[in-house]
Amino acid sequence: MLAKMTSKNQLILPKSTTADVGVTDYFDVETRNGQIILTPVRIQRGDAVRAKLAELNLQEQDITCAVAWVRESSVDATAANK
């Protein structure tokens, strides 16, 4: 089967191909030996947030401090505008 590359560098995949892999909005893309490999990825928002938090090594105390800082800044800004 052929797939068409548009002038905007977008690849149009045949409907039968996408039907075979199921519903997905994202693909992991890699090149290997001159070939483009597309692997369907199903991203769950909660999982993505947890993964980012783990990557940043944020702890609950960090979040508590950040919220307190924002609230203080908000109170200071409101007082300055009066």
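Arginine 50 forms a salt bridge with aspartate 47, with 2.9 Å between the closest N and O atoms; the term salt bridge stands for a side-chain nitrogen of Lys or Arg within 4 Å of a carboxyl oxygen of Asp or Glu. Both arginine 50 and aspartate 47 belong to helix 2 (residues 45-56), where they are three residues apart, about one turn of the helix. Helices (H or I, at least four residues) and strands (E, at least two) are DSSP runs, numbered from the N terminus. Arginine 50 is exposed at 53% relative accessibility, whereas aspartate 47 is partly exposed at 44%. Here buried means under 20% relative accessible area, exposed over 50%, and partly exposed in between (1.4 Å probe, protein chains only).

The model is predicted, so local features need pLDDT of at least 70 and side-chain atom pairs count only at pLDDT 80 or more, while totals for chains, interfaces and linings use all residues. Residues are numbered from 1 along each chain as its sequence is written, and side-chain values use heavy atoms, with hydrogens and water left out. The predictor's confidence in each residue, pLDDT, runs from 0 to 100. The chain has a mean pLDDT of 86, and 90% of its residues reach 70 or more. Among its elements, strand 3 (residues 26-32) has the highest mean pLDDT (94) and helix 3 (residues 60-80) the lowest (82).

In total, the structure holds three salt bridges. Helix 2 also contains lysine 52 and glutamate 55, again three residues apart, about one turn of the helix. Their side chains meet in a salt bridge with an N to O distance of 3.3 Å. Lysine 52 is partly exposed at 42% relative accessibility, and glutamate 55 is exposed at 59%. A further salt bridge joins the side chains of glutamate 30 and arginine 32 (3.1 Å, N to O). Glutamate 30 is partly exposed at 31% relative accessibility, and arginine 32 is partly exposed at 43%.

Turning to the whole chain, three helices and four strands make up the secondary structure, arranged along the sequence as β-β-α-β-β-α-α. The chain has a radius of gyration of 22 Å, while a compact globule of 82 residues would have one near 12 Å. This radius is taken over C-alpha atoms, and the globule rule is 2.2 Å times the number of residues to the power 0.38. Along the principal axes, the C-alpha atoms fill a box of roughly 65 × 30 × 25 Å. Of the 82 residues, 2% count as buried.
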